[in-house]
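This briefing covers the predicted model shown below.

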Amino acid sequence: MRDSMSVYELRDIDFERISRLVYEQCGINLHDGKRELVKARLSKRLREGNFSSFGDYYRYVVSDEGTDELISMIDSLSTNLTYFFREDSHFRKLSEVLPAMLSGARPGGSSAKPRIWSAGCSTGEEPYSIAMTVCECAEEFQADIKIVATDISTRVLGLASKGIFAKEKLKNISPAMLRKYFQIGSGPYEGFFRIKKNVREMVQFSRFNLMTPPPSNFVFDVIFCRNVLIYFDKETQAALVRRFYNCLQKGGYFFAGHSESLTGLDHEFKYIEPSIYRK
């Protein structure tokens, strides 16, 4: 039995096996620069599961009995740094294109309700920022737009669906919007804020692995997939971008992260402005 202070050795072969498994499961490229991250984040899983080594842990997660732990391993290795209205120029652009979508004059002539996909939504700051942007543009249309938010991590999806955030997470939100869209916590929730119910109900959270083919109903007017592509190699990036293109309505918009670019990838998107593309 290992005690809670145990230090585990991450051998080359263990790191290679874990990296290959993660790549096969979700396309994340854990290059050698991520070695210490893997060791730090998975050591906790080893201690909690009372595993004697990374080798034992790997053998367990690839076994039939280790399916749930495999999901927990991927949760632990997913990077989930985010905040409200991150890269705010994207939300300004969204507010420019929303009125036409909400009025029915949509690209491609579709009569269905507009749909937005937040791919890699983490703890929910991005899809809730999208929802608030919709409300600010045309609050009377909020019931007519659907926001689908997906992530591979069940842990962050659980947090996102609750819509509860510590005060420091809300630094980019004006006092007026804070009053309009958040409830102030009290008692054990003092120092926390919760997204109001009408905004939470605009977002549908679900687990989805970007490496799997999307269901037939994944057709959107806008797709946000920001600061996610950087964790994949070029081949996987290109495959994902093609998939996003196919999931968009004609005339739809794709938002990548400011640190990401489609330059060098084979794609059919039209460049609009840095990190914003259109089908």
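The second largest pocket is lined by T123, E125, L159, A160, K162, I164, F165, A166, K169, Y189 and F192. A pocket here is an open set of points on a 1 Å grid over the protein atoms alone, where a 1.4 Å probe fits, with protein on both sides within 12 Å along at least five of seven lines; lining residues have an atom within 4 Å of a point. The structure is a predicted model, in which local features need pLDDT of at least 70 and side-chain atom pairs count only at pLDDT 80 or more, while totals for chains, interfaces and linings use all residues. Residues are numbered from 1 along each chain as its sequence is written, and side-chain values use heavy atoms, with hydrogens and water left out.

**Second largest pocket**

- The volume of the second largest pocket is about 210 Å³, where a volume is the space filled by probe spheres set on the grid points, which are joined across faces, edges and corners.
- Its lining divides into seven nonpolar, one polar and three charged residues. Ala, Val, Leu, Ile, Met, Phe, Trp, Tyr, Cys and Pro count as nonpolar, Asp, Glu, Lys and Arg as charged, and the others, Gly among them, as polar.
- At least two lining residues come from each of α7 (154–162) and β3 (164–166).

**Overall dimensions**

- The protein chain contains ten helices and ten strands; these are DSSP runs numbered from the N terminus, with helices (H or I) of at least four residues and strands (E) of at least two.
- Along the principal axes, the C-alpha atoms fill a box of roughly 60 × 55 × 30 Å.
- Buried residues make up 49% of the 279 in the protein chain (buried means under 20% relative accessible area, exposed over 50%, partly exposed in between, with a 1.4 Å probe and protein chains only).

**Three-stranded sheet**

- Three strands form an open sheet in the order β3-β5-β4, with antiparallel pairing; two strands pair if DSSP finds at least two bridges between them.
- β3 and β4 (182–184) are the edge strands with a single partner each, so one side of each has no neighbour in the sheet.
- Neighbouring strands of this sheet are turned by 35° against each other on average, direction ignored. Axes are lines fitted to C-alpha atoms, for helices over the stretch in contact, and angles run from 0 to 180 degrees between N-to-C directions.
- β4 pairs with β5 (residues 192–195) in the antiparallel sense over three bridges, and Q183 stands opposite R194 in β5.

**Seven-stranded sheet**

- The order of this open sheet of seven strands is β6-β2-β1-β7-β8-β10-β9, and the pairing is mixed.
- β6 (203–207) and β9 are at the edges, each with a single partner strand, so one side of each is left without a neighbour in the sheet.
- From one strand to the next, the twist averages 20°.
- β7 (residues 220–224) has five of its five residues buried, so this strand is largely enclosed by the rest of the structure.
- β1 (residues 115–119) and β7 pair in the parallel sense over three bridges, and I116 stands opposite V222 in β7.
- The parallel pairing of β7 with β8 (residues 248–255) runs over four bridges, and L248 in β8 is the bridge partner of F220.
- β8 and β10 are antiparallel, with three bridges; F254 stands opposite Y277 in β10.
- β9 (residues 270–273) and β10 (residues 276–278) also pair in the antiparallel sense over three bridges, with Y277 as the bridge partner of Y271.

**Backbone and loop positions**

- Most residues other than glycine have a negative phi.
- S275 has a positive phi near 70° in the hairpin of β9 and β10, which has two residues between the strands.
- S122, in the loop between β1 and α6 (125–138), has a positive phi of about 55° although it is not a glycine. S122 counts as buried at 5% relative accessibility.
- N227, in the loop between β7 and α10 (234–246), has a positive phi near 55°. With a relative accessible area of 13%, N227 is buried.
- N29 is in the loop between α1 (12–26) and α2 (35–49) and is partly exposed, at 33% relative accessible area.
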